[in-house]
Structure formats: structure tokens, C-alpha cells
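Hi,

Here is the structure I promised to pass on. Have a look at it first, and then read on for what turned up.

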Amino acid sequence: RGKGFFDYTLQDYTGLKIGVALNCQYVQEALPTQKHDVLMDWIITNDFWIDCGKKEVHSWKSSSLSSLD
């Protein structure tokens with residue numbers, strides 16, 4: 001597990017929070033969170049991006065859209 005560096009750094013940040021990940025790091029199941037965790041607004045990979053607030057996955061390669069629900 002991480003040591004909370006980014007959570008501590010972003011705890012008072014009010015702007016758009018964008019996480020960068022590789023496709024292989026993506027999992028569709030919800031991950032466990034703790035009270036101090038700061039959630040991302042978007043997550044960007046090399047093939048798609050996720051709007052975390054709307055729970056939508058958008059492909060860079062097409063106009064396809066899918067829901068995380």
C-alpha cells in the first residue's frame with residue numbers, strides 16, 4: 001500500500017485532479033478506499049480516459065462510450 005503522499009499533497013486542492021495510468025492497471029471493480037483518500041476526477045490511459053464523476057469510459061480510438069455501472 002501507498003504511504004498517502006499524494007493524498008496529503010492533494011487534500012486541500014480544489015482543481016481538477018487527473019490520474020495517469022497504464023491500461024494494464026485498470027480494473028473495473030471498485031477498489032477499497034480509506035477516509036483520507038483523495039479521489040481523481042479523471043483517469044487517463046494510453047487507450048481511454050475515465051470521467052470518474054460520471055463513471056464513463058471514453059476511447060481515444062473511437063467515439064465509443066461505456067458506463068462503469
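Predicted model: local features only at pLDDT ≥ 70, side-chain atom pairs only at ≥ 80, totals over all residues.

First, a word on how the elements are named: helices (H or I, at least four residues) and strands (E, at least two) are DSSP runs, numbered from the N terminus. Phe48, for example, is found in strand β3, and I'll come back to that residue below.

Residues are numbered from 1 along each chain as its sequence is written, and side-chain values use heavy atoms, with hydrogens and water left out.

**The overall picture**

The protein chain has 1 helix and 5 strands, and along the sequence they come in the pattern α-β-β-β-β-β. On confidence (pLDDT is the predictor's confidence in each residue, from 0 to 100), the chain averages 87, and 86% of the residues score at least 70. Confidence is highest in β1, at a mean of 96, and lowest in strand β5 (residues 65–67), at 61.

Of the 69 residues in the chain, 14% are buried. Buried here means under 20% relative accessible area, exposed means over 50%, and partly exposed is in between (1.4 Å probe, protein chains only). As for contacts (heavy atoms within 4.5 Å), take those with a separation of 6 or more: residues 24 or more positions apart account for 32% of them.

**Two hairpins around β3**

Strands count as paired if DSSP finds at least two bridges between them. β2 and β3 run antiparallel and are joined by 3 bridges, with a hairpin of 3 residues linking the two. In this pairing, Trp42 has Asp51 of β3 as its bridge partner.

On to β4 (residues 56–59), which pairs with β3 in the antiparallel sense over 4 bridges. Trp49 has His58 as its bridge partner in β4, and Phe48 stands opposite Ser59. Lys55 counts as partly exposed because its relative accessible area is 41%.

Not counting residues up to four places away in sequence, Phe48 touches Asn23, Tyr26, Ile43, Val57, His58, Ser59 and Trp60. Phe48 and Lys61 are 13 residues apart in sequence, with their C-alpha atoms 7.9 Å apart.

Next is Thr45, found in the loop between β2 (42–44) and β3 (48–51). Thr45 is buried, because its relative accessible area is 6%. The side chain of Thr45 makes a polar contact of 2.7 Å with that of Asn23. (A polar contact is a pair of N or O atoms within 3.5 Å; within protein, one must be able to donate a hydrogen and the other to accept it, and residues adjacent in sequence count only if both atoms are side-chain atoms.) With neighbours within four places in sequence left aside, Thr45 is in contact with Ala21, Leu22, Asn23 and Trp60.

And is Lys17 buried or exposed? Lys17 counts as buried, because its relative accessibility is 13%. You'll find Lys17 in the loop between α1 (5–10) and β1 (18–20). Beyond its neighbours within four places in sequence, Lys17 is in contact with Leu10, Val38, Leu39, Met40, Asp41 and Trp42. Lys17 and Trp42 are 25 residues apart in sequence, but 6.6 Å apart in space from C-alpha to C-alpha.

**The largest pocket**

A bit of method first. On a 1 Å grid over the protein atoms alone, a cavity is a set of points where a 1.4 Å probe fits but cannot get out, and a pocket is an open set with protein on both sides within 12 Å along at least five of seven lines; lining residues have an atom within 4 Å of a point. Grid points are joined across faces, edges and corners, and a volume is the space filled by probe spheres set on the points.

The largest pocket holds about 1400 Å³ of space. Its lining is made up of 34 residues, and Leu31, Thr33, Leu39, Met40 and Ile43 lie nearest the centre. The largest share of the lining, 4 residues, comes from α1.

Cheers
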